[in-house]
Structure formats: structure tokens, C-alpha cells
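Hello,

Here is the structure you asked about. My notes follow below it.

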Amino acid sequence: MSEQMPNMDYDADEVIKDFKAKFKWPKADEVEAVVAPPGVGAKIILSIILTIIGGGVLYYVMLPALNIHDAQLYTFLVLLVAMFVLFFGLLCGANKKIERREYVKKKSIVPLGIIVALVAVMLVGWLVGAQLFRAKTYSELMTVNESSFIEDFSDINYDEVPRLDKQTSKFLADQQLGSLDEFKSQFVVTANSTQINYKGSPVRVAYLEYANVFRWINNTKNGLPAYMLIDLVSQKVQVVNCVDQFGEGIKYSPTELFNEKLIRHLRFQYPTALLDTPNFEIDDSAHPYWITPVLDKTIGLFGGTDVKGVIITDALTGKSDYYDIETVRTDRELNWIDVVYSESLVVEQYNYHGKLSNGFWNSIIFQNDVNVASSGSGNIALNDDVWIYTGVTSEDSTTSNFGFVLCNQRTKETRYYKNGGATEYSAMESAQDAVQNYGYHATFPILLDIEGQPAYFMSFYGDNYTIKGYALVNLADKTIVGRGVYDEETSDIKALNAAVENYINALKDKGIVGSDANADDYKADENGAGVVDDATQPDNTQQTAESTQITGAVTDIKTSVNDGNTYYYIQLDGGAYYYIAVTDCMQVLLINSGDTVTVTADAASSEAFIPATDVVIN
């Protein structure tokens, strides 16, 4: 019986291990079988259809130019190829079966080759346009001509230069918008205002933006109803109601979300154009337009950015017209356009000129005659155009400039001036030191010609961005400072005149100008201060040479904000209200009901609201 029993002399664990080895599931890297899924042709067609749909959505979001000079186009094409491979792999079941995954890998060789080719084209295009090989060409993008400071700046009047910068302009625009109940809860003022010349005066124009997506839903049908016009000299702010003035609102702007979004609207009209950031401008009739520079890459595929034309888009209707850059420069009918060359492009091209004129390696190693634009720039109104101003310094210097340049933002005409001295920020610090007891901040300066001396002009503002006074700082000697502040001079014009008088006296003390130098040659007319010409403002033009003083008890005080200026309305003994701007009389801030005051006002006026020229607390 025992002889018929099987041999039991073996290890059970080894038997089980051997059994498992025979039926072991292979690892992914051990699979050699490539199994094509059924209906490969249909899956390829479906993948193409899905890629077209997905690519359409991607294009709608990315908006690349169909132009070989647009780096974003290559990114878009790479994403399209990757999208096709993803869709094809999912349809083939590569995420579920190893043999299908291997099939998709083998079929992805062609898409991978396309991606490699695109990257290679980008790399070669970049190398062909690299500064290392094309330094001379980069340095010639901008032509810089030396000019005379005294000749060019002699026509700039001291009392007609901008007193507001971008930040202070926005504050006043916000303040004015906040006083209008029909707008303030729905819209906000954009931070991207544009400085232009409007009817011979420097102004900033700022479009509105929807306060949030819900306000967009509520208002997008009619568009943006108005824009802000800020006079940089008088500091008045006007809300231009497009619906009232032109019959419709601004339908196309950067604040829209879908087809009315400006950059998308332009891309569909000009699919191959390299679009720069649009600028908001108005023509001489105050009609709003978008001015969009069209760029060109002049060195290699991606280098040597320059402007070859502009697209003028009606902000109300969306109608667009393209003009080449020479037409914009020479056509008198297009002279109302002020900003074609952006600040960043101008500074970039000047830095190429200053650094690369003597070759690439010189700009790094020897640095002979190497100079760059200083940090920061401002705007000057000159010859009915807007010019960018920036100092010229070495790459290592932070306190002094060799000179400075002006560049016309419409034509790109660039002038260099050999007037060296303190940098803009160094001059700002000197001005702020002169009013350190007030803690005021200085705006970015503008250069003026005062007695044949280049002088930095700047405004002072407080923590709420309200203008508090003015300063002049000598370019060659930043210790020569003239200041005038509201708290001491009681009005805007008096503060402006005090600044120039103190500055010229400081020049005399240093022996830089003779004793015959007269500050009256530069002072603004104080009799014209405070005149408001807009119909929505208090009519100060009713003031006459005949005035009287009225003394009484204050029974009521009201305030309003008009064109960014705060007006106080003071009722005396229950009778008429006398109104005056805070900028014309700082003492009104200290008046309380019950105080006895003396008001200087128009003797002949019998109106319920009477303009005052002065208020004194007894």
C-alpha cells in the first residue's frame, strides 16, 4: 500500500513560488506586445475634432497672433499637439491597458517631432536675434540727437506744467466719482490713465471699470457710461457722460469679459497683428478712442521690438482702422493722437542705444561710454505733443545723472541734453527734506528752465494724495530748494508763487544768478485763481473787484466735492451761504457752528449761494 503512495519529499513553499512564477503578471517595462485598439481611424478623427474644439477654447483665452514673431503662438501650438496626444491616448484606453499605452507611445513619435521642431525654430530664431551677435543693430533702433535745453524749454511756462502725477490724478478722479450717486456703486476708476494734450492743456483721461462681476452683469448691455477727464494744471476733474454727449456708452474696453473685451475684439479683427497695450485717448471733440500700437520684431524672430503702426478703435462702436507709423507721424488729422510709443518701449530702446553702441562685450567688461536711463520717468507737454522724460546715468550710479533725454511718444523723436546733476529721486528727497515737519511726499519731477538753470519741479501731497504745495530743486545743486505749501500760503496759486520766489532767492544767495533776476517773470496770476468754468461747479466768475466783509455767527456748515476740490458752504445768521474751496482758505477746516467769522465776498450779490474770497475766524 505504501509503495503506491506518491513521493511527499518536497518543499510546499517552493512549489507555490514556482507556480506563481509561471503565471506572473508582467511589469510595464517588460511588455513587448503592442496591441492596436479597434477603430483606430475613427479614434484619430475624433481626437482631431476634440483638439479643434479644445484649441478653439484655448485660442479664445490665449489670443496669440497668427504670426511667426509671436512667442505665444509657439506655446499655443505645443499645447495643441499635447492636447491631441492626450485625447488620442484616452480614446485608445492607454490609461487602462498597458499594451494600448505602448501603442500610443509608438504613435506619439510624430507629435513629439513636431514639438521638437517648434522648440528648435524658437531657439534658432532667438539666437539669430541675440544681443551677443546683433549688438550694433539693437543700438540703432533709436536715433538720439543732441539738443539745447534753453532753446527747447524756453516755451514751457512755469504755471502751465502738470501739478498732478498718475497717483494723485487717480485719487481726485476717485473722489469725484464718489460724489456721483449714479456711478459710484457700479464703477471704479482705472489705474491705467493716459496723459495727453487736450486743447493745448496737459490732462489725464481714465476710463471706468466695473466694480465686480455682478456689476458687469448689471451694466454690460449699455457699456461704461462715462470717463474721467483730469486737468493736470487746474486739478479739476470732469466726468464726461458718453451717453448724454454721444448717445451711447463705451461698449469695448479692457474691463469687458467676452467678445466686447478690447484685446479679443482687436484680435478677431487683426488676427496676425502683434498688439501692444491699448491706450485710452480722446480727440478734440472729447470722443473716446483706443489707440493700440502694432509691434514688429525687427531682429531675428523675437528681438528688436518696434512700432510699425497703430489701430484706432472707436470705444463706442468698436470700428477700427489701421494706420502705418509714418502716416501717424505726418498726417495732421491724426495729431490728436499722443501716445504710440509706451514708456517701457522707449526706455528699452534707449538702454540698447546707451549700452550696445560700442558692442556687446564692451557693455559687460569695459563699459566705455555705457549709459542707461535712470529709474523712473515723467511726462512733459512740448510742441503740442507728450514727451517722456528720463535721466541718463551709469549702471552703478544712484545719485547723479550725466544728462537726460526727451522722447516724443507719437513720433519717437529723441533728444539728448548734456545737463547733468542730481537724479530725480535724489531731488525728490531734497524737496521732502524741506517739508519734513509736514511729512509730505513729492511727485516725480518735471524739468523746467528757470533763469537759464534746469530745475526739477514737483508737487507735495499728503497721505490722502491731496496736493499740499510745490517745490523747485536745482538740477546741478540739489541743496538749492524753493518751496511753497498751502499751510503757510493759504491758497494753491500763492503756494506755487512762493516756491518760485524762494527758489530764485536761493539762486541769488548762491551767486548763480544776478540780483536782477525777478521771480515775477514766472509767477502765476493770483487774480485768476479758483475760477471754475464747468457748469456743474460753483460759479466763481461772479466775483467782481467790489467786495465787502460780512461778520456773523455760523448757523450751518455744508460741504461738497467738486472737480476733486472740497468746498465749504457757511451760513451766517440763518441767511445766505458763502462758499469757498479749502485750497483757497485752509481756515475753513477749523470753523464750527456757533463761531463768529468774517467773510470777504461779492458786495453786489444777492444770491442764496455767494462765492467768498476769504474767511477769518474772529
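Is Asp306 buried or exposed? Asp306 counts as buried, at 13% relative accessibility. Buried means under 20% relative accessible area, exposed over 50%, and partly exposed in between, with a 1.4 Å probe and protein chains only.

First, the ground rules. This is a predicted model: local features need pLDDT of at least 70, side-chain atom pairs count only at pLDDT 80 or more, and totals for chains, interfaces and linings use all residues. Residues are numbered from 1 along each chain as its sequence is written, and side-chain values use heavy atoms, with hydrogens and water left out.

**Around Asp306**

Asp306 sits in strand E10 (residues 303-314). Helices (H or I, at least four residues) and strands (E, at least two) are DSSP runs, numbered from the N terminus. The Asp306 side chain makes a polar contact of 3.3 Å with the side chain of Gln349. Another, also 3.3 Å, joins the side chains of Asp306 and Lys412. A polar contact is a pair of N or O atoms within 3.5 Å; within protein, one must be able to donate a hydrogen and the other to accept it, and residues adjacent in sequence count only if both atoms are side-chain atoms.

Gln349 belongs to helix H14 (residues 343-356). Gln349 is buried, with a relative accessible area of 1%. Beyond its neighbours within four places in sequence, Gln349 is in contact (heavy atoms within 4.5 Å) with Leu141, Met142, Thr305, Asp306 and Lys412.

**Helix H3**

H3 (residues 71-92) has 22 residues. From first C-alpha to last, H3 reaches 32 Å, close to the 32 Å expected at 1.5 Å a residue. That expected span is 1.5 Å times one less than the number of residues. Asp70 caps the N-terminal end of H3, with a side-chain oxygen 3.1 Å from the backbone nitrogen of Gln72. After H3 comes Gly93, whose phi is positive, near 80 degrees. The buried residues of H3 include Leu73, Phe76 and Cys92. The buried residues of H3 pack against helices H2 (40-62), H4 (98-107) and H5 (109-128).

**Side chains lining the largest pocket**

The lining of the largest pocket divides into 20 nonpolar, 14 polar and seven charged residues. Here Ala, Val, Leu, Ile, Met, Phe, Trp, Tyr, Cys and Pro count as nonpolar, Asp, Glu, Lys and Arg as charged, and the others, Gly among them, as polar. E21 gives the most to this lining, with four residues.

Best wishes
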